[in-house]
Amino acid sequence: MKKNIIRTLPALIASVCIMTSCGANAGNGKISETPDTHSEKNAASEAANGTTEKPADINTPVPPETEQPVKPTINQIDFSSVNNSGTGWGFKKTKGSEPEIYQKTKDMLAKYDAYYMDQTKPKALYLTFDEGYENGYTGAILDTLKKCDVKAAFFITGGYLKTEKELIRRMIDEGHIVGNHTVNHPNLHKLSDPVKISAELSELNRAVEEEFGYTMRYMRPPEGEYSERVLAVAQSSGFKTILWSFAYMDWDPQKQSGAAYAVEQVTPYFHDGEIILLHAVSSDNAAALETIINNAKAQGYQFRSLDELKPADGSVSE
């Protein structure tokens, strides 16, 4: 019996020591943790902070990953039923008023994200320049825009990209829009083939992206020649088409009449939502630009970015 007591004594002593140690730790406020347990203090803190982890419900179904729809390429879209009868954009100008456009034409333009003016904003003007080639005046135009704190859009061609990278970089850096005027400046509806029409736009955009990291979002058909198919292909290629509600014969460098003439041509035709088309090859336009801008501002007009254009119903066009 005595031997049995002696044999069990060490185990009893060990148990007492363990109990004493745990009690001492608890009395001292120390936390004894194991990898898969939390103290009551930690649990209370997590509950208070809303961080308590809940065990996963093995019966809850995991939703399948949603597959994004693949946008068809141009050669996968059938444009054969889309009218390719060509027309040139034009209208009769009226001083102080928007041009008269047939409702059928307005509806077609709206269908394909094409704009000739903004019918949602009073006292808004949109200043745009066509840049088929450089004639030495774009730098001065950019200087004036910077001085007057006005942003504009410049529609460039593939040829302009090849020779005028510094000017294009300046346009981008100074917050202007660089628009797409096609690689080769062709009459787009005469190309007929949707793949060729799209290539004139997408190849220029690709080259601009590679050179500047800038994505083009707007296109202007050369010479204003277009068809419903051209508008449809441009939209499917990711571009909004920008026409205009004012222009004048300023594109011939050999037929310039001075700054005062340009002011007289442009200023009387200001109207709400006007998209102004000027050609940067014109010495008249470069010399008259500051006066034109100041005259517009004096009449309460604000120059806006094409990014602010909205459809006539006021919805946002994606």
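# Notebook: strands, helices and rings

Entry 1. I began with Phe155, whose bridge partner in S5 is Gly179. The model is a predicted one, in which local features need pLDDT of at least 70 and side-chain atom pairs count only at pLDDT 80 or more, while totals for chains, interfaces and linings use all residues. Residues are numbered from 1 along each chain as its sequence is written, and side-chain values use heavy atoms, with hydrogens and water left out. Helices (H or I, at least four residues) and strands (E, at least two) are DSSP runs, numbered from the N terminus.

I then looked up how S4 is joined to its partners. Two strands pair if DSSP finds at least two bridges between them. S4 and S5 pair in the parallel sense over 4 bridges. S3 and S4 also pair in the parallel sense, over 4 bridges, and there Phe129 has Phe154 of S4 as its bridge partner.

**Entry 2. The two faces of the strands.** In a regular strand the side chains alternate between the two faces of the sheet. I checked accessibility, where buried means under 20% relative accessible area, exposed over 50% and partly exposed in between (1.4 Å probe, protein chains only). In S4, Ala153 and Phe155 lie on one side, Phe154 and Ile156 on the other, and all are buried. In S5, Ile177 and Gly179 point one way and Val178 and Asn180 the other, again all buried.

**Entry 3. Helix H4.** Which residues of H4 are buried? I found Thr138, Ile141, Leu142, Thr144, Leu145 and Cys148. They are on the same side of H4, because they cover an arc of only 160 degrees around the axis; the arc is that of the directions from the helix axis to the C-beta atoms. The general rule is that an α-helix has 3.6 residues a turn, so residues three or four places apart point the same way. Lys146 and Lys147 are exposed, on the face turned away from the buried side of H4. The buried residues of H4 pack against S3, S4, H5, H6 and helix H11 (283–298), contact being heavy atoms within 4.5 Å. After H4 comes Asp149, with a positive phi near 55 degrees.

**Entry 4. Helix H6.** I repeated the search for H6 (residues 165–173), where Leu167, Ile168, Met171 and Ile172 are buried. These residues line one face of the helix, because they fall within an arc of 140 degrees when seen down the axis of H6. The face turned away carries the exposed Glu166 and Asp173. The elements against which the buried residues of H6 pack include strand S3 (124–131), helix H4 (138–148) and helix H8 (194–212). Gly175 follows H6 and has a positive phi, near 85 degrees.

**Entry 5. Aromatic rings.** Rings of Phe, Tyr and Trp (its six-membered ring) pair if their centres lie within 6.5 Å; planes under 30 degrees apart count as stacked, over 60 as edge-to-face and the rest as tilted. How many aromatic pairs does the whole structure hold? The search finds 8. I examined Trp89 and Tyr116, a tilted pair at 5.5 Å centre to centre with 50 degrees between the planes. Trp89 lies in the loop between S1 and H3 and Tyr116 in the loop between S2 and S3, 27 residues apart. Trp89 counts as buried at 10% relative accessibility, and Tyr116 is buried at 4%. One aromatic cluster is formed by Trp89, Phe91, Tyr116 and Tyr226.

**Entry 6. Charges over rings.** A charge sits over a ring if NZ of Lys or CZ of Arg is within 6 Å of the ring centre and within 35 degrees of the ring normal. The charged end of Arg220 is over the ring of Phe155, 4.5 Å from its centre. Lys123 lies over the face of Tyr301, 4.2 Å from the ring centre.

**Entry 7. Arg229.** I located Arg229 in helix H9 (residues 228–236). Is Arg229 buried or exposed? Arg229 counts as buried, because its relative accessibility is 11%. Beyond four places in sequence, its contacts include Phe79, Asn83, Ser192 and Pro194.

**Entry 8. The whole chain.** The chain has 11 helices and 10 strands, and 40% of its 318 residues count as buried. The average pLDDT is 85, and 76% of the residues score at least 70; pLDDT is the predictor's confidence in each residue, from 0 to 100. Over residues 1–56 pLDDT stays under 50, and the model has 8 contacts beyond four places in sequence for them.
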